[in-house]
Amino acid sequence: MSNTSIRTRQPSVRRIPLAAPLRLARPSDMWFKPATSVVVATAIPNLVLYSLDRLDLVMYTMAGSLCALYGHNLPYARRARTLVGVVLGMLAGLAVSLVTASLTGSTAVLIAVGALLAAGQKLLCDATRIGPPGPVIFTFVSSAALFTPQETGQVPGHLALTLGAGAVSWLVALAPALVRREGPERRATARALNAAAAYVAEPGHRTRHAAVAAVHAAWQTLLAAGRPTPVRSALERLVVHAETALSARGQDPAGDADRLREWARQTRSRGPVPTPAPAPGTAAELFGVDAERAARGGPLRALLHRLAPGSPLLPVAARTLIGCALAGYICSAVGVGRPYWAIVTAASLYQANVTLSWNRTLQRTLGNLLGVLVFAAVLPVARMDPLALIGFCLFFGFAAEALITRNYWLGSVAVTPMALLVLEYAGSHPAGELIGDRVLDTVIGAAVGFLAAVLVTNRRATGRVEQALAAAEQARAHAVRTLAAPAPAPAALDAARRRLTGSLVELREADDTAAGEWWQRDLPQEAVLAAEQAGHRTLAATATRQGIISPAQENGAV
């Protein structure tokens with residue numbers, strides 16, 4: 001490690017924010033994808049069960065229907081494989097829960113199994129980087145199933161219902177490929193162009209990091225998309241333009257930013273992909289991209305690396321296990337009839353670090369309490385007719401996805417009444433009991449869950465920064481050696497540059513995670529900053545050698 005690794009003391013505990021976690025953000029550019037998918041995937045099996053007068057089985061089909069929430073940021077080929085894994089993972093968790101519920105009625109055993117499942121689901125979702133909504137859906141289904149009366153002979157039939165609904169989710173999530181095969185790639189490219197435009201218009205460390213991450217994500221999406229098509233080739237050329245904007249400052253920043261934004265708008269639309277003149281060095285870079293695509297392996301190696309001993313994901317999984325178990329046992333001790341709600345509340349809190357977990361605690365508590373009021377308002381109408389119940393569940397499912405990207409607490413206002421209404425499919429329950437239990441489990445689950453996040457330390461977060469720092473320095477050294485070669489192959493230059501870009505993205509993510517973690521060793525912030533600056537200079541030099549930017553432009557690069 002270089003002599004720049006001077007360590008800056010970080011306070012063990014920071015002032016926790018109150019207002020910032022509740023502020024609304026701009027909605028996601030694709031919120032309607034999971035929202036419409038989950039509505040369609042839920043409506044089909046629900047209406048079939050309604051026609052058969054078996055709405056009491058909705059819980060099992062809903063487990064499969066909720067799989068439609070996943071994978072919407074992935075290319076369709078990757079999405080198809082990912083959703084198979086999601087459905088099988090949902091089926092496995094549900095099977096464990098149903099078998100356990102059929103074998104024992106011990107609340108203590110059920111809570112222990114629920115906490116173990118929640119921890120395992122958290123670990124696997126973080127390791128596979130499945131993305132939103134993450135493990136909370138799996139935990140919601142498996143925890144609820146644990147406390148559902150069950151006979152062993154019923155388990156295969158109930159699992160078959162989940163598998164059938166999961167197949168419907170798979171078809172619904174992949175149906176858009178029939179009309180817009182490259183939709184995910186187009187959105188990823190548009191995000192990269194917009195992020196590059198933001199950096200060109202307002203250069204700075206924050207905008208550059210966001211743009212580098214967006215460009216890196218666009219390349220990963222295009223590489224995962226499968227064989228090249230004319231549209232994907234045009235998208236690759238646009239991402240090269242975004243990279244060029246990051247590597248150098250033009251003479252007309254405002255005009256460059258406007259041009260990038262216009263390309264992003266056209267790329268996102270249903271019209272043809274814009275085809276501007278190729279940026280300098282495009283042919284060499286795309287040659288390297290093709291070489292990288294041919295050499296790509298499966299994700300199993302990366303998954304095993306993230307789960308290896310010493311992984312920073314393990315302390316977060318331990319937090320989940322301890323927090324969910326304590327929340328469940330305390331709720332059971334005070335007489336809550338459905339301690340699985342406390343397990344789900346605690347499981348939903350655990351984010352990458354303590355600071356983010358606090359934000360989620362505040363958001364979850366506020367959203368659930370407001371959602372209980374919404375449930376109390378709609379319950380009388382929902383009980384008037386089964387179709388009204390189905391309609392409300394579909395409405396709240398859509399609203400949850402429409403609102404949750406604005407802020408998690410806003411989405412929770414819709415999730416809470418939907419989760420409570422699901423209980424009505426199996427029969428009416430006293431409204432006061434449902435509301436009281438949900439309020440109590442929210443408060444206990446949130447308080448105990450956050451306490452576990454504070455007490456179960458993650459000192460490996462700093463170690464992850466050090467590992468990422470070493471990896472970034474190695475990637476930079478490799479890029480420098482490649483540059484020093486008399487006639488480096490275009491594929492070698494491109495591979496070195498992409499490896500360095502990925503290591504810088506990983507370094508920034510590791511540093512941001514550790515910065516929000518309490519009880520840490522001192523962080524090497526000066527070393528991180530120096531590595532990022534040196535890495536950006538090397539990226540500019542690599543782009544110059546590839547012909548993407550000119551030497552004069554390199555002098556103006558950040």
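When neighbours within four places in sequence are set aside, Tyr425 is in contact with Asn46, Leu55, Asp56, Val58, Leu389, Ile390 and Cys393. The model in which these contacts are found is a predicted one. Among the contact partners of Tyr425, Cys393 counts as buried because its relative accessibility, 3%, is under 20%, whereas Asp56, at 35% relative accessibility, counts as partly exposed.

Tyr425 is also, together with Tyr70 and Leu421, one of the residues with the most contacts inside the largest nonpolar core, which has 54 residues. Helix α16, spanning residues 386–404, gives the most to this core, with eight residues. Apart from it lies another core, of 31 residues, which includes Ala192, Ala197, Val215 and Ala264. In soluble globular proteins, nonpolar side chains tend to be buried together.

## Cysteines

A search of the whole structure finds zero disulfides.

## Salt bridges

Twelve salt bridges are found in a search of the whole structure. Side chains of opposite charge can pair when their charged atoms come close. One of these bridges joins the side chains of Asp29 and Arg268, with an N to O distance of 2.9 Å. This pair links distant parts of the chain, since Asp29 lies in the segment before α1 (32–51) and Arg268 lies in helix α10 (residues 253–268), 239 residues apart. Asp29 is partly exposed, at 29% relative accessibility, and Arg268 is partly exposed as well, with a relative accessible area of 28%.

A further salt bridge is formed by Arg54 and Asp56, whose closest N and O atoms are 2.9 Å apart; Arg54 is partly exposed, with a relative accessible area of 38%. In another, the side chains of Asp126 and Lys122 meet at 3.3 Å, N to O, and because these two residues are four apart in helix α4 (residues 107–128), they are separated by about one helical turn. Asp126 counts as partly exposed, at 24% relative accessibility, whereas Lys122 is buried, with a relative accessible area of 7%. Elsewhere, salt bridges that share partners join Asp29, Arg191 and Arg268 into one network.

## Arg237 in helix α9

Arg237 has its place in helix α9, which covers residues 230–247, and at 29% relative accessibility Arg237 counts as partly exposed. The C-alpha atoms of Arg237 and Thr275 are separated by 8.1 Å, although the two residues are 38 residues apart along the chain.

Methods. Residues numbered from 1 in each chain as written. Predicted model: local features only at pLDDT ≥ 70, side-chain atom pairs only at ≥ 80, totals over all residues. Heavy atoms only, no water. Buried < 20%, exposed > 50% of the residue type's maximum accessible area, 1.4 Å probe, protein only. Disulfide = S-S within 2.5 Å. Core = buried A, V, L, I, M, F, W, Y, C linked by side-chain atoms within 4.5 Å. Contact = heavy atoms within 4.5 Å. Salt bridge = Lys/Arg side-chain N within 4 Å of Asp/Glu carboxyl O.
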